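Here is a short walk through one protein structure. Keep the sequence and the 3D view side by side as you read.

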Amino acid sequence: MSEDGYEKDQGEPAGSDAAKTFSRRELLASLGAAGLTVAAGGLLHANAASQPNTVGASTYSVQQATYGVTNVMDYGAAGNGTTDDTSAIQAAIDACAGQGGGVVFLPTGIYNVTGTLQMKTAVTLEGAGVSAWDPYFANRHKRPAPTELRFSGTGAKTYEITYATDMLPSGGVLDNPEPLANHADSRYGLTNFRNADATASSPATTRKFSVGIYFPKGCEYAAVRNLRLVPNFGGISGYNDTNALALGDEWDVGVFLDNAQDTMLHNVQIVGYWRIAAKLQAAGSLGNEYKDAGAERNRFYDCLFQGQTGVCVRGGDLYRVTAIGGSAGNYSIEIPWWSSCPLPTSGTVRLAGTYLNYTSTSVSGDKLTLRGIASNPGDVGNVGDGLRLSPFSSGFAGTTYVNCYIAGLEHASKRGASHNGIGLGVSKNIEASGNLRGLKFIGCTVLGLEDTLLHLHDADDIQFIGCYFESARRYDGTLGGGRMIAAPYRNSAGARGAYPCGHTENVQFWATEFHVSVDKAPKFKRMSSVRFTDTGFFAPRYVFDSFETFPLADERDFLIRGPKDQRIKLQNANGQTAMAITPGGNIELLGNLLDTSGSKLKISPAGDAEFAGGVHPKTDKGASLGGAAKRWSRVHVADGIAMTTPDGTKTYKLYVDNDGTIKASLL
């Protein structure tokens, strides 16, 4: 052991170069000869001219010997953009996990990856940084990152989400009444992770997809930092070609958090044309094999997401109960059925928080009946309630995005993903649905030229704080989409779907700015730079938008304004409403107007109104006092009524003298 406590691998034979002991001073003195430099945060890494294992022929690099960091170069990674580094990077991750966790470092370089990299609990995959990549401005040159994982070839489609579909019967798919020519944009729908091949005796098959970096079920406290993930497209030159309509190598998902919890992405760019999503996060299961896995408290800082969907967060589907039947020991529940139905012939579902096991299914028309349920579902739920397909799920509470840029596909040609030349269908910046609550977006930018900026369905308690939304023009000058989609209450008159189920509730926008191109109808007024004229799709059950509630009207007036179909109420601390302004602009007095010093109007608890000032019609000769059907019972005046002649030239006082005679005198 040296004076500083640093020693080489004890497994090397005595007397060999690899068995030499180095002090800290000796290690640092060797850096120049080894071609090593100091990286941000104090990590030491090889420069472009260095080779691994140059100090004392050690099987470990200097940073391992000094800080316990695992270097992918020591496991055979080349980082030269051509050598397949997949196995070497995975070996480094596995070795780090085998030691109880730590940092796996990728020095500056371009790493060619042909398969999925699987993260492990307590392992951080860290690079040397990112570089210029602007999805919005196609003319700004995209440059290689200091550490870049380029996913080449066609990714193996081996991953799945078994419990999430487009929720067609529940209102997860909407018809676009104003599609564009040469675009496949006639429908807006949630991402479907099932194929449309269900039969009466079997569920639809899962839609398998490829993944760049995978956080498996039960993975916790893992992280990725300071690097870029991008599908190969002539290196990255294809992403700078504004004339090409191609999409590069075929990869579906950049990062997939599959029931992973307490994970983190920091300063990570997941960019390029990911066919399904840049970042996909899922919680839940159709069975109980992962009922202890969670998906909460995942955090994303200073990240850039670009793909067919930038950020996709999905839990299990929800379907409306259309009938409850059967008898003791063999109860049944009926729900909608369609070609992407994911339910197996036996399994577990959840109704009103209660787990129910069923043993068989049958299909009749567009209904699926779950049979063999031991306890009566009617004891815990009702027809019209939602049946949860993913019974075991902890949800997504605590999931936070801070200072992130969230884009859609944003093709360099400035054509939407739904353009026939691209052929991917409608792209979304953010999609969230499925037993989902507690997502926070803080200081994020949601910007692009795709149809849908935000699509919420079965989602509650979503907050956007200090964010910015904008939709850009396309290559031909066509206004961008800018749609904001949120499902209304499932039992409301405007509920969507053949059998509406799931809704969006408590969506909050605090100090969040919306460009005039963003469509928030019908909840809020549509602005001039939106190409749509239909009624719109943004109708959450409850929404608060500080930008709309306290609009910047002018420098003289302070305004309070509510959504189109909601009252504005003034309440005391106990929740008692004193006054309300209706959607029609009328004032409702629900409390009493009490007399205070100098007040001009008093309404007593009995409903009597007392005026200390004058009462005047709004315009000259523009109002009557009483009417033929609703007359005053008596009128009290002081000493007469002043009346003007029809030509307006003279004014008389009409009065009754002390002997009861009606008289008039000229004033």
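Start at P522, which lies in the loop between β39 (513–514) and β40 (543–545). A cis peptide bond joins A521 and P522 here. Its omega is about 5 degrees. Bear in mind that this is a predicted model.

Now step back to the whole protein. The chain forms five helices and 48 strands. Of its 667 residues, 49% count as buried. The accessible surface comes to about 29800 Å². Carbon and sulfur atoms account for 50% of that surface.

W510 gives examples of contacts across the sequence. The residue is found in strand β38, which covers residues 504–510. Leaving out residues up to four places away in sequence, W510 touches F464, I465, G466, F544 and S546. Take S546 from that list. W510 and S546 are 36 residues apart in sequence, yet their C-alpha atoms are 5.4 Å apart in space. Is W510 buried, exposed or in between? Its relative accessible area is 40%, so W510 is partly exposed. The cut-offs behind that word are under 20% for buried and over 50% for exposed.

F137 and G448 are 311 residues apart in sequence. In space, their C-alpha atoms are 9.6 Å apart. F137 is partly exposed, because its relative accessible area is 33%.

Next, go to N112 in strand β6, residues 109–113. Is N112 buried or exposed? Its relative accessibility is 11%, so N112 counts as buried. The side chains of N112 and S152 are joined by a polar contact of 2.6 Å. A polar atom of the N112 side chain also lies 3.0 Å from the backbone oxygen of T82.

E296 sits in a loop instead. That loop runs between β16 (277–282) and β17 (299–301). E296 has a relative accessible area of 17%, so this residue is buried. Its side chain has a polar contact of 3.5 Å with the side chain of R297.

A122 is found in the loop between β7 (117–118) and β8. A122 is not a glycine, yet its phi is positive, about 70 degrees. A122 counts as partly exposed because its relative accessibility is 30%. N182 is in the loop between β10 (173–175) and β11. N182 also is not a glycine, and has a positive phi of about 65 degrees. With 54% relative accessibility, N182 therefore counts as exposed.

Turn now to the spaces in the structure. How much space lies in the largest pocket? About 460 Å³. The lining of this pocket is made of 24 residues. Of these, L190, T191, Q308, L424 and V426 lie nearest its centre. Which strand gives the most to the lining? Strand β11, residues 187–189, does, with three residues. By class, the pocket lining has nine nonpolar, six polar and nine charged residues.

The structure holds two cavities of 30 Å³ or more. About 50 Å³ of space lies in the largest cavity.

How values were computed: Residues are numbered from 1 along each chain as its sequence is written. This is a predicted model: local features need pLDDT of at least 70, side-chain atom pairs count only at pLDDT 80 or more; totals for chains, interfaces and linings use all residues. Side-chain values use heavy atoms; hydrogens and water are left out. Helices (H or I, at least four residues) and strands (E, at least two) are DSSP runs, numbered from the N terminus. Buried means under 20% relative accessible area, exposed over 50%, partly exposed in between (1.4 Å probe, protein chains only). Contact means heavy atoms within 4.5 Å. Accessible areas come from the Shrake-Rupley method with a 1.4 Å probe; for residues, only the protein chains shown count as cover. On a 1 Å grid over the protein atoms alone, a cavity is a set of points where a 1.4 Å probe fits but cannot get out, and a pocket is an open set with protein on both sides within 12 Å along at least five of seven lines; lining residues have an atom within 4 Å of a point. Grid points are joined across faces, edges and corners, and a volume is the space filled by probe spheres set on the points. A polar contact is a pair of N or O atoms within 3.5 Å; within protein, one must be able to donate a hydrogen and the other to accept it, and residues adjacent in sequence count only if both atoms are side-chain atoms. Ala, Val, Leu, Ile, Met, Phe, Trp, Tyr, Cys and Pro count as nonpolar, Asp, Glu, Lys and Arg as charged, and the others, Gly among them, as polar.
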